[in-house]
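Keep the structure open beside you as you read.

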Amino acid sequence: MTSGKEEKRFMKYADLHPNIRIRIITDFFTDLTQKSIIPFMAIYLSIQIGAGLAGLLLTVNIVASMIVGLWAGYWSDRIGRKKLMVIAQSLQVMALLGLAIANSPWMDSIIVTCLMFLLSSLSSGITVPIANAMIVDVSSEHERHYVYGLQYWTTNVAVTFGALMGGLFFESFRFLLFSLVCLESLATLFILIFMIRETMDKRALGYSDAPIQRNILKTYWSVFQDKRFMIFFTATVLAVSLEFQLDKYIAVRLKNEFTAQLFGSDISGLHMFSLIMVINTVLVALVAIPFSKWIGRFQSRSIMTVGMLLYTAGFTVLSFSNWAWLLIFSAILLTIGELMYAPVRLVMLAGMIPDSDRAAYMAADGLSYNVAALLGSIGLTIGAFLPSYAMAGLYILMGLGALIFFRMLLRKAEEQNQHLPCADAS
């Protein structure tokens, strides 16, 4: 038990499996690509084809990505990770090349742009569950706190720089932007082909006849009949739904209700919302990696409890307060809370899924984010009718509900580990 804790405490990037080291780098550039395009594509499509059609197209992209993600999760558990990842990355290169051509000095086609954007979404839908499963394939339990903390940091940094790139280039230099990210995507493809190794051991799975014995519907029926996973799924939906409130109900409330002075200057609700986002991004960039190492020495149940309480408290205050300094403090609280609970959540997921359906479970977990996004939109509608203190009460219920479910699963895991020789329950 002590040695496990020591390994967690002194975990280094160089100690990780080569696949993980490579995936963290390539995932950074993949996230950079996506975040330099997707947030601005909605605005571009609204101008070109109207808000109604743009919204429909974005919805089709999300649904298609969900469906292909479930398909990819199923087949990845049967034919291996690398093949599908190479196929998905090849599609991404084609999509970005098509976007560059469709927005070049020689061609300006909104139809091709829409089709290539859909192809890019399909590629991302295939890649995400497989990449997550690959990390679980080649990591041990004591490594995952560090791995997921590092991944969380790189994702947030990529989002920041992606948004900066998109803001600078998307409106006036789309051809240059799409060309740059296409080259990055092509480099990632070569890395996948020549440096990534297959991580799924079919002999260990004993699952060679699975495509015949269990089709995709039976596989996911089995996944969603797993009571432990469904408790985890529900907890994730409740927790992530709070995050999706930030750019919906909370942003709208601040815009409509907030005015204040800070450092002698008048700031609007939109300025405050931007400041909250900046605080979140800067804190993650500065402290995520050392923080993930430090909290790795504590028990998962304690980390989850404190993290979810801070996370919930932060969002609760943001839902009703108009005091600038309290809002800033709440932004710090929710960021620290997220840094604590998010890696533990991923470690829990990795520990509960069976080896034979690893990617399928990862794909199903991805659905929780889609459900949470839907609840985020519903929260905006509900907030139009409820007072802010009622929304605060709703946020408290959601956060505490998530915490109760997460703790329930962690307690069961610790009880099981106590019956295993030399188990590390932390």
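Which residues touch the most other members of the largest nonpolar core? They are F229, M304 and F406, in a core of 79 residues. A nonpolar core here is a set of buried Ala, Val, Leu, Ile, Met, Phe, Trp, Tyr and Cys residues joined through side-chain atoms within 4.5 Å, and buried means under 20% relative accessible area, with exposed over 50% and partly exposed in between (1.4 Å probe, protein chains only). Helix α14 gives the most to this core, with 15 residues. A second, separate core has 35 residues, including I37, M41, M134 and F178.

Before going further, please note that this is a predicted model, in which local features need pLDDT of at least 70 and side-chain atom pairs count only at pLDDT 80 or more, while totals for chains, interfaces and linings use all residues. Residues are numbered from 1 along each chain as its sequence is written, and side-chain values use heavy atoms, with hydrogens and water left out.

Back to F229: leaving aside neighbours within four places in sequence, F229 is in contact (heavy atoms within 4.5 Å) with V223, F224, L349, M352, Y361, A364 and D365.

Now look at α14 itself, residues 324-352, where it packs with α6, residues 141-169. Helices are DSSP runs (H or I, at least four residues), numbered from the N terminus. The axes of α6 and α14 lie 9 Å apart at an angle of about 125°, which makes α6 oblique to α14. Axes are lines fitted to C-alpha atoms over the stretch in contact, and angles run from 0 to 180 degrees between N-to-C directions; under 35 degrees counts as roughly parallel, over 145 as roughly antiparallel, 65 to 115 as roughly perpendicular and the rest as oblique. From α6, R144, H145, Y148, G149 and Y152 take part, meeting α14 residues that include E338, L339 and P343.

Finally, zoom in on Q92, which is buried, with a relative accessible area of 5%. Leaving aside neighbours within four places in sequence, Q92 is in contact with Q34, S120, S123, S124 and S185.

Technical notes:
Helices (H or I, at least four residues) and strands (E, at least two) are DSSP runs, numbered from the N terminus.
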